[in-house]
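Okay, thanks everyone, let's get going.

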Amino acid sequence: MKKYKVAIVGATGAVGREMLRCVFQFNFPFESIKLLASARSAGKEVEFEGHTFVVEELTENSFEGIDVAFWSAGGSISEKYMPYAVKAGCVNIDNTSHFRMDPDVPLVVPEVNAYALKDHHGIIANPNCTTIIMASALNRINEEFDIERIIVSTYQAVSGAGVAGMEELYRQSQEILDGKDPVAKTLPCASDKKHFPIAFNCIPQVDKFDLDNSFTKEEMKMVNETKKIFNKDIKVNATCVRVPVLRGHSESVYIETKKPIDINRVFELLSDSHGVHLYDDIENQVYPMATEFIGDEMVHVGRVRKDLDNENALSLWVVSDQLMKGAAYNSVDIGNKMIELGLL
């Protein structure tokens with residue numbers, strides 16, 4: 001089997017570290033791995049699986065001889081440096097939002113639309129974490145019953161806001177337990193003008209608002225990316241909420257379909273969906289919860305039930321580790337799928 005020279009951009013961040021783990025855990029055939037980050041991280045040593053990697057500064061010349069790069073360093077970094085990587089002949093799998101809606105860039109969840117990979121021009125976009133999780137859970141149902149409309153509410157962990165979000169939850173929880181007023185500096189959005197405590201609270205804002213339609217950027221990512229991935233004008237209404245959970249996103253999903261839903265067939269489809277774990281036994285209170293699946297690459301589905309009044313409607317509860325399936329694992333899975341299809 002051919003082996004590849006790999007780069008991980010943003011290697012010292014939470015997703016970058018998970019990407020490194022996924023390259024090893026899911027047997028991406030590497031010859032060498034180059035870890036790239038900002039100048040302030042250059043020279044740091046990262047040890048993993050008996051290997052010691054020295055982090056290098058990301059520059060315009062970092063990609064000479066590199067076959068494939070996994071990116072998670074922010075949209076502005078991808079915008080600036082990825083053209084140099086493409087020019088160097090490197091295939092780039094980008095976890096940022098910068099290229100997702102570019103019509104010339106495939107937006108891929110391997111078990112849903114791997115066919116789109118054949119049209120890449122050196123860049124493949126990894127969808128938003130919430131979109132990946134939902135699309136994976138709904139794919140086989142869509143194929144069988146033709147989904148027309150999705151209403152989704154997300155319950156998103158603070159790790160989606162990075163290390164700062166996690167530190168804020170830890171600190172604020174202790175402040176409240178100590179009888180102090182919690183200090184908010186990061187959430188719901190570090191660049192917005194107001195911040196609110198997340199400890200013992202839920203914040204109905206993830207990312208900044210689009211004042212023209214009153215939805216947040218996160219919500220609009222789910223709307224637009226779902227249409228692109230499923231390659232149809234599916235109706236999506238999303239409400240994204242930040243909750244005081246450290247890691248693992250949850251989603252309450254309601255769908256309406258063109259064809260009447262056979263609930264037994266739905267259970268069959270979910271039981272046989274690649275990358276999906278049906279975890280649903282209400283008699284024994286079995287349903288997925290975020291804390292159960294940290295570090296897991298699967299999408300877990302439970303609380304599956306037909307609408308009481310509409311034969312063409314269904315509700316389900318979906319949970320996944322957004323740093324894994326929602327980011328790092330999906331990126332490496334794209335790379336492995338490209339090898340399988342002879343595209344890398």
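Predicted model: local features only at pLDDT ≥ 70, side-chain atom pairs only at ≥ 80, totals over all residues.

In general, nonpolar side chains in soluble globular proteins tend to be buried together. Here, the largest nonpolar core has 52 residues. If you want the ones with the most contacts inside that core, click on Phe63, Leu138, Ile141, Ile150, Val253 and Val301. Which element gives the largest share of this core? That's helix H4, residues 129-145, with 8 residues.

Leave aside its neighbours within four places in sequence, and Val253 is in contact with Met134 and Leu138, with the run Ile150, Ile151 and Val152, and with Leu314, Ser315, Leu316 and Val318.

There's also a second, separate core, with 35 residues. Ile8, Met19, Ala37 and Ile124 are among them.

Okay, backbone. Where does the chain have a cis peptide bond that I'd like you to look at? Go from Leu187 to Pro188: that bond is cis, with omega near 10 degrees. Pro188 sits in the loop between helix H5 (162-177) and helix H6 (217-230).

Stay in that loop between H5 and H6, and you'll also find Phe200. Phi of Phe200 is near 55 degrees, so we have a positive value in a residue other than glycine. Is Phe200 buried or exposed? Exposed: its relative accessible area is 59%, and the cut-off for that word is over 50%.

Asn231 is another non-glycine residue with positive phi, again near 55 degrees. You'll find Asn231 in the loop between H6 and strand E10 (235-242). Asn231 is exposed as well, with a relative accessible area of 58%.

The largest pocket holds about 1,300 Å³ of space. It's lined by 47 residues, and the closest to its centre are Ser72, Gly74, Gly160, Ala161 and Gly162. Which elements give two or more residues to that lining? Helix H1 (14-25), helix H2 (75-87), H5, H6 and helix H8 (324-340).

And what is the lining of the largest pocket like by class? There are 19 nonpolar, 21 polar and 7 charged residues. Keep in mind that Gly counts as polar in that tally.

That's me done, over to you.

Note on methods:
Residues numbered from 1 in each chain as written. Heavy atoms only, no water. Core = buried A, V, L, I, M, F, W, Y, C linked by side-chain atoms within 4.5 Å. Buried < 20%, exposed > 50% of the residue type's maximum accessible area, 1.4 Å probe, protein only. Helix = DSSP H or I, 4+ residues; strand = E, 2+ residues; numbered from the N terminus. Contact = heavy atoms within 4.5 Å. 1 Å grid on protein atoms, 1.4 Å probe; cavity = no way out; pocket = protein on both sides within 12 Å on 5 of 7 lines; lining within 4 Å. Points joined across faces, edges and corners; volume = space filled by probe spheres on them.
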